[in-house]
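These are my notes from an afternoon of looking things up in one model.

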Amino acid sequence: GRSQSARMPCVDHASCDSCLEPGDSSEGCFWCHASGTCEMASIGTEPFGECEDPSYARGMCACAHHTSCGSCAVATNPACVWIGPAELRGSVEYTPFFFTSFATRQSMPSLSVRAGGCHPGWGFGAFGLVQNATLFNGGMGHLSVQTELVPDEYFWAQCSLPNEGSALLMMGAIAAAAAVLSALMGAIFPQRPKRAISELPLI
């Protein structure tokens with residue numbers, strides 16, 4: 001089993017990175033975006049309790065310190081997207097510590113999420129919407145979780161145009177600028193018309 005002396009209470013982890021750091025000190029911990037706190041998972045069908053927007057797999061912390069769309073979905077954070085209303089679906093496999101030989105696998109109740117928080121992503125979606133990890137595997141029992149966050153909408157680089165709208169708008173602006181530049185170059189440096197083969201003198 002794991003050394004209990006190495007355990008650090010989840011609430012003592014002040015950042016997402018510390019909360020999800022692999023090892024004994026963060027066993028069973030997950031990061032709740034809405035509250036900005038590190039919490040302890042429960043072994044059972046509702047491992048995240050009241051938290052609607054948990055992150056429990058490594059790699060989910062790069063944007064977690066942004067707690068509103070206004071700080072997350074801005075042009076200076078091109079690698080972050082803000083997830084609005086969403087649905088959290090998932091399944092759990094768990095064995096309580098006193099019934100270690102009986103594994104139970106079942107679906108988690110789906111949660112309607114008011115806001116999914118700030119996640120790594122780009123103009124065409126968020127990364128890491130599917131997470132899976134083993135949160136407990138020792139003296140306290142076993143808990144493996146897999147979840148998928150299904151957003152109704154997300155925002156990138158701004159908070160008014162949802163989903164890929166802002167990326168398409170930016171691509172359209174770039175294409176329009178390229179067309180204007182091409183037209184200007186054509187006006188400044190007109191190409192001399194090529195003579196038709198029939199106009200060429202015969203040898």
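I began with S1 and S3, which pair in the antiparallel sense over 2 bridges. For strands to count as paired, DSSP has to find at least two bridges between them. Strands are DSSP runs of E with at least two residues, helices are runs of H or I with at least four, and both are numbered from the N terminus. Across this pairing, Trp31 stands opposite Ser55 in S3. I then looked up the whole sheet: it is open, has 3 strands in the order S2-S1-S3, and is antiparallel. S2 and S3 are the edge strands, each pairing on one side only.

**Ground rules.** This is a predicted model, where local features need pLDDT of at least 70 and side-chain atom pairs count only at pLDDT 80 or more, while totals for chains, interfaces and linings use all residues. Residues are numbered from 1 along each chain as its sequence is written, and side-chain values use heavy atoms, with hydrogens and water left out.

**Overall tally.** I noted 3 helices and 12 strands in the protein. Of its 203 residues, 37% are buried; buried means under 20% relative accessible area, exposed over 50%, and partly exposed in between (1.4 Å probe, protein chains only). Contacts are heavy atoms within 4.5 Å. Among contacts with a separation of 6 or more, 61% are between residues 24 or more positions apart.

**Aromatics.** How many aromatic pairs does a search of the whole structure find? It finds 3. My cut-offs: ring centres of Phe, Tyr and Trp (its six-membered ring) within 6.5 Å, with planes under 30 degrees apart called stacked, over 60 edge-to-face, and the rest tilted. The rings of Phe30 and Phe48 have centres 4.9 Å apart and planes at 75°, so I wrote this pair down as edge-to-face. The pair links distant parts of the chain, 18 residues apart: Phe30 is in strand S1 (residues 29–32), and Phe48 is in the loop between strand S2 (37–40) and strand S3 (54–55). Both Phe30 and Phe48 are buried. Together with Tyr56 they form one aromatic cluster.

**Four-stranded sheet.** Next I looked at an open sheet of 4 strands, ordered S9-S8-S4-S12 with antiparallel pairing. Strand S9 (125–126) and strand S12 (154–155) each have a single partner strand, so one side of each is left without a neighbour in the sheet. Inside it, strand S4 (residues 80–83) and strand S8 (residues 117–122) are antiparallel over 4 bridges. Trp82 has Cys118 in S8 as its bridge partner.

**Strand S5.** Strand S5 (residues 86–96) is mostly covered, with 8 of its 11 residues buried. I traced its partners one by one. S5 and S11 are antiparallel over 11 bridges, and there Glu93 has Ser144 in S11 as its bridge partner. S5 also runs antiparallel to strand S6 (residues 104–107), joined by 4 bridges, with Glu93 opposite Arg105 in S6. Strand S7 (residues 111–113) is joined to S5 by 3 bridges, again antiparallel; Leu88 stands opposite Leu111 there.

**His119.** Is His119 buried or exposed? His119 has a relative accessible area of 3%, so I put it down as buried. His119 is found in strand S8. Leaving out residues up to four places away in sequence, His119 touches several residues, including His33, Cys63, Cys80 and Phe127. His119 and Cys72 are 47 residues apart in sequence but 8.5 Å apart in space, C-alpha to C-alpha.

**Asn77.** I found Asn77 in the loop between helix H2 (69–72) and S4. Asn77 counts as buried because its relative accessibility is 16%. Beyond neighbours within four places in sequence, Asn77 is in contact with His66, Ser71 and Cys72.

The search turned up 1 cavity of 30 Å³ or more, and the largest cavity has a volume of about 70 Å³. A cavity here is a set of points on a 1 Å grid over the protein atoms alone where a 1.4 Å probe fits but cannot get out, and lining residues have an atom within 4 Å of a point. Points are joined across faces, edges and corners, and the volume is the space filled by probe spheres set on them. Among the lining residues are Glu52, Leu88, His119 and Leu149. Strand S11 (residues 141–151) gives the largest share of the lining, 3 residues.

Definitions and conventions: On a 1 Å grid over the protein atoms alone, a cavity is a set of points where a 1.4 Å probe fits but cannot get out, and a pocket is an open set with protein on both sides within 12 Å along at least five of seven lines; lining residues have an atom within 4 Å of a point.
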